[in-house]
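Good morning, and thank you for making time for this item. Please keep the sequence and the structure in view while I speak.

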Amino acid sequence: LSVFLTGLVILMLYDGDGMAKAQPYLSALAIASLMVVSAFYLSDLYKFRRVTSFESQVTTILTTCALVFLILATFAFALKISAQFSRVWAFSWFLSSTCLICVVRALFSVLLRRWARSGRLTRNIVILGASEQAKRLIAHLRQANEPWNRIIAIFDDRQERDELRQEIYPV
């Protein structure tokens, strides 16, 4: 949506004659939008862990958007249709849509973390069995330092493990 709308807004601002030559631009916007979505999917940019950490995705976003732009420019050159497109529009669209994607992703990452801290977005975890495995799992979850992981309780019906349960996760 960011790629398509950014290109459309720049086209409306850049083309003063009421978008009379809009058909090739709209086709390019639709193709580029689909390519960016597909490339983001293949790059695992829609995985929850990547969405919540902006730092881990910014270089992938920049690389992916640049690759899509280069592929489109190559196809336009190979098909001899590059003369139909304004270079000013193409470069401003590429730069602004890439920046907008980064800004939206950064804001969304901050918003998700805020929701997690306030309790609106959490994974409530209940561990069955107070064993050494449970101890390692809790250590792993704490080391991950993800605010949406919340351990609610540890249950174990064996009396001999009650002390271990208290040691692993004090109530």
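First, the conventions. This is a predicted model, in which local features need pLDDT of at least 70 and side-chain atom pairs count only at pLDDT 80 or more, while totals for chains, interfaces and linings use all residues. Residues are numbered from 1 along each chain as its sequence is written, and side-chain values use heavy atoms, with hydrogens and water left out.

Let me begin with helix α2. Helices here are DSSP runs of H or I with at least four residues, numbered from the N terminus.

Which residues of α2 are buried? They are A22, Y25, A28, L29, A32, S33, V36, A39 and F40. Buried means under 20% relative accessible area, exposed means over 50%, and partly exposed lies in between, with a 1.4 Å probe and protein chains only. As a general point, an α-helix has 3.6 residues a turn, so residues three or four places apart point the same way. On the other side of α2, Q23, L34, Y41 and L42 are exposed. The cover over the buried residues includes α1 (2-14), α4 (58-78) and α5. Just after α2, D44 takes a positive phi of about 60°.

I turn to the aromatic residues. Rings of Phe, Tyr and Trp (its six-membered ring) pair if their centres lie within 6.5 Å; planes under 30 degrees apart count as stacked, over 60 as edge-to-face and the rest as tilted. By this rule there are eight aromatic pairs. One of them joins Y25 and W89 edge-to-face, at 4.6 Å centre to centre and 85° between the planes. Because Y25 lies in α2 (residues 22-42) and W89 in α5 (residues 87-118), this pair ties together parts 64 residues apart in sequence. F85 and W89 are stacked, at 6.3 Å and 20°. Relative accessible area is 17% for F85 and 2% for W89. Ring pairs link Y25, F85, W89 and W93 into a cluster.

Finally, T64 lies in helix α4 and is buried, at 8% relative accessibility. Leaving aside neighbours within four places in sequence, T64 is in contact (heavy atoms within 4.5 Å) with A39, F40 and S43. A polar atom of the T64 side chain lies 2.6 Å from the backbone oxygen of T60.

Note on methods: Helices (H or I, at least four residues) and strands (E, at least two) are DSSP runs, numbered from the N terminus. A polar contact is a pair of N or O atoms within 3.5 Å; within protein, one must be able to donate a hydrogen and the other to accept it, and residues adjacent in sequence count only if both atoms are side-chain atoms.
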